[in-house]
Amino acid sequence: MRRAVGVVAVMGVLGLSAVGTAEAEPVPRATISWGPCTRAPSMVERLLGVQPRSPEDGEPMRAGVECATVRVPLDHREPYGQSIKLALNRIKGKVSRDHNHLGTLLVNPGGPGASGRELAGYVAAALPADLADRFDIIGFDPRGVGRSEPSLRCVDPDKYFAPPRPDHVPKTAREEAVLVGRAQGYAARCGDLWAWMLPHLATEDSARDLDVIRRALGEEQISYLGYSYGTYLGAAYATLFPERVKRLVLDSSVNPDEIWYRANLSQDRSFDRRHREFLSWTARNRKVYKLGKTFKQTSFAWYSMRERLRAKPAGGVVGPSELDELYTVGGYTDAIWPQLAAAWSRYVRKGEVAGLVSAFRHYVKIDASTENSYAVYLGVQCRDAAWPRDWSRWRADMTALHRKAPFLTWSNAWYNAPCAFWAVPGGEPLRIEGSSKLPPVLMVQARGDAATPYQGAVAMMKRFPTARMVVDPGGNHGLSLAGNACVDRALARYLEDATLPVQTHCPKQAGPRPAERLSAGGRYRHERLTEILGVRG
């Protein structure tokens, strides 16, 4: 579950029908003005006389990338009312706009709350060159995210996320009260700062934003590649605007029947299963890590380490909650299992804390972009659907589930707990519904995916009669363009001419090897994709 100057004014009247093409009378459409990826200087930069850098969070400007902003209605029911800005970037195709050009491909990494601008560059580089050249690849920051305006921030991340934080698994009523208080405080702060925007952060709002982008681009249809939560956003767009979809790729699909409280309970079970796989892998490689010969032994070693860190955080930084977050990343990608096991082994066998601290700082971000992503994540999920408002319901559910799935249950609960106190009540989730007007839809899914469990992808496919799913037998989250040749062949063929694969089951990929270097080919690519997608789907 992270994040110029072209200015455009765009207006569109959009209806609010639940399904089908949700357009009403046309209105004048402005065009997007693409330009260099620079931004206006901040007040501090103006005072110091410093030139602003690229909007890519301090990274140098990359050749061939253009940036712009597009205005969208804050409330799509009032298209001529208050507007907000979305930040876009584009890697323009090299093929002229004739029959060889395949149009515009929008990409989204999920979250909710993740910036799509970095993903656009990744996709452009990872697709076969002759195919990438035939698309204009568009990344965008959804409303509230990254360089979009406004960009939501609710607290000082250096204070709120400062490690070590209270243990996510409370042992006493006093410890639980502290954690509840943190959730209440975060929700109250967001409500105080953003009361005017929180009602307009539902997935349906962002789906309608996509069609404003399409209109501003002057496209009759758009193609879309979404990962994780991005599948739900893409499915919402396809529900509302089926005739505007040219290609639709859903990678690691959200369960449309579990929006969102139940989805987190399902995640708790699947992440626990994935963590058990990691512990079993560590046991199979006992000659390297020496943490136990069986799953039972490595499980005892891991939870003993967690308890020890509760009393004395590693380096004063990695306590039990930080440990949970670090090893949760291993649930998304087995590419980093060797690094996680090595840091664990050095801590247990040699008392070295540097490995855990270094891994935490590398894989778990704590900065302004993280807090922005978290604020939007909550803004979307708390608004999309109703959440239990009685904390006793949460306590009962988590207490029961923790006995069966102790790895993530309480950690996941506190991550989402502000929704119990959110200033704006949740609504009724958009009914995701496929249509005969849609083209063939390509789905990609790992059978052992922890973040978006396989049964959820099956539920999503049932909503789209034109869909076909390519299944990988592994457990990594996010498969397209991450080193899986079987998936990437199916993706390339589909993007080229909408052909769905005949072979829908990919062969099993080789698992990680102990002490494997991060630069090891496709495995590194998946670690890099995981970083772009973030760690909350």
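Are Cys-382 and Cys-419 buried or exposed? Select both: Cys-382 and Cys-419 are buried (under 20% relative accessible area; exposed is over 50%, partly exposed in between, with a 1.4 Å probe and protein chains only).

This is a predicted model, where local features need pLDDT of at least 70, side-chain atom pairs count only at pLDDT 80 or more, and totals for chains, interfaces and linings use all residues. Residues are numbered from 1 along each chain as its sequence is written, and side-chain values use heavy atoms, with hydrogens and water left out.

**Whole protein**

Show the cartoon. The protein has 19 helices and eight strands (DSSP runs numbered from the N terminus: helices are H or I of at least four residues, strands E of at least two). Now colour by burial. Of the 537 residues, 60% are buried.

**Disulfides**

Show the cysteines. The structure holds four disulfides (pairs of cysteine sulfur atoms within 2.5 Å). Counting bonded cysteines along the chain, the pattern is 1-2, 3-4, 5-6, 7-8.

Select Cys-154 and Cys-190. Their sulfur atoms are 2.1 Å apart in a disulfide. The S-S torsion of Cys-154 and Cys-190 is about 120°, so this disulfide is right-handed. The pair links distant parts of the chain, 36 residues apart: Cys-154 sits in the loop between β4 (135-141) and α4 (157-160), Cys-190 in helix α5 (residues 173-194). Both Cys-154 and Cys-190 are buried.

Return to Cys-382 and Cys-419. A disulfide joins them, S to S 1.9 Å. The link of Cys-382 and Cys-419 is left-handed, with -85° about the S-S bond. Cys-382 is in helix α14 (residues 368-384) and Cys-419 in the loop between α16 (409-416) and β7 (441-446), so the pair ties together parts 37 residues apart in sequence.

Go on to Cys-486 and Cys-506. Here the sulfur atoms of the disulfide are 2.0 Å apart. The link of Cys-486 and Cys-506 is left-handed, at -80° about the S-S bond. Cys-486 lies in helix α18 and Cys-506 in the loop between α18 and α19 (521-533), 20 residues apart. Cys-486 and Cys-506 are both buried.

**Last stop: His-477**

Select His-477, in the loop between β8 (467-472) and α18 (485-497). His-477 is buried, with a relative accessible area of 2%.
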